[in-house]
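Please read them with the coordinates open.

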Amino acid sequence: MKRNIKALLLFALMYKDEEYLKKAEEEIKRDWGDIIFEKYIGIKDYYKYYEKEMGEGLHKKFVAIDNLIEKDKLIELKKYSMKLEDKYRINSNRTVNIDPIYLDMFQVVVASSKDKGSRIYLGEGVFAEIELLYHHGSFHPLLWTYLDYKENIDFFNEVRKIYLSKRS
């Protein structure tokens, strides 16, 4: 059986108040490694789904972590993310939404606790979804790819270069 190929760890972090973002980032750094590259996305209209729980004016950023992980850690990472989200809840509402991501030579994969037609069930309440595929010199979106991934392909292409340098 082929060994599990390692991937670079990333997180998507959505938040309203920077105070909670900083707390979550500190724990992520402590537990998984330093942030080596990041992309602030800003406030977007398509975050409305989360506003009922988290409030209006949500920000988002992607962060790449200085850590190559085994891809089969995605379940553990999602459970870790949910536990961290729970730690910073106020009145049972999340103050930060944390989605673990891995990036390898060919794909960007995000973990979710929500089922959807394009997601594959991994077990323990965790699903995986390929957001971007690499071919012809760049990552490309799929039919279901979220806008914040589509709009930040340059970021993921740069992170891929970091990944390739770490693999060699």
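1. In which helix is E51 found? The model is a predicted one, and in it E51 belongs to helix α2, which covers residues 48-54.

2. E51 has a relative accessible area of 17%. It is therefore classed as buried, because the cut-off for that class is under 20%. Leaving aside neighbours within four places in sequence, E51 is in contact with E56, G57 and L58.

3. Two packed helices are described by the angle between their axes and the distance between the axes. For helix α1 (residues 18-32) and α3, the axes come within 11 Å and cross at roughly 145°. The crossing of α1 and α3 is right-handed.

4. On the α1 side, the contact is made by A24, E27, I28, D31 and W32. On the α3 side, E76, L77, Y80, L84 and K87 take part. By class, the residues of this contact between α1 and α3 divide into six nonpolar and four charged, with no polar ones.

5. L84 deserves a separate entry. L84 is found in helix α3, residues 74-87, and is one of the residues that α3 brings to the contact with α1. Its relative accessibility is 3%, so L84 counts as buried.

6. Which residues does L84 touch, not counting those up to four places away in sequence? They are A24, E27, I28 and I98. Of these, I28 lies 56 residues from L84 in sequence, while the C-alpha to C-alpha distance between I28 and L84 is 9.0 Å.

Conventions: Residues numbered from 1 in each chain as written. Predicted model: local features only at pLDDT ≥ 70, side-chain atom pairs only at ≥ 80, totals over all residues. Heavy atoms only, no water. Helix = DSSP H or I, 4+ residues; strand = E, 2+ residues; numbered from the N terminus. Buried < 20%, exposed > 50% of the residue type's maximum accessible area, 1.4 Å probe, protein only. Contact = heavy atoms within 4.5 Å. Axes fitted to C-alpha atoms, helices over the stretch in contact; angles between N-to-C directions. Left-handed = near helix turned anticlockwise from the far one by under 90°. Nonpolar A, V, L, I, M, F, W, Y, C, P; charged D, E, K, R; others polar.
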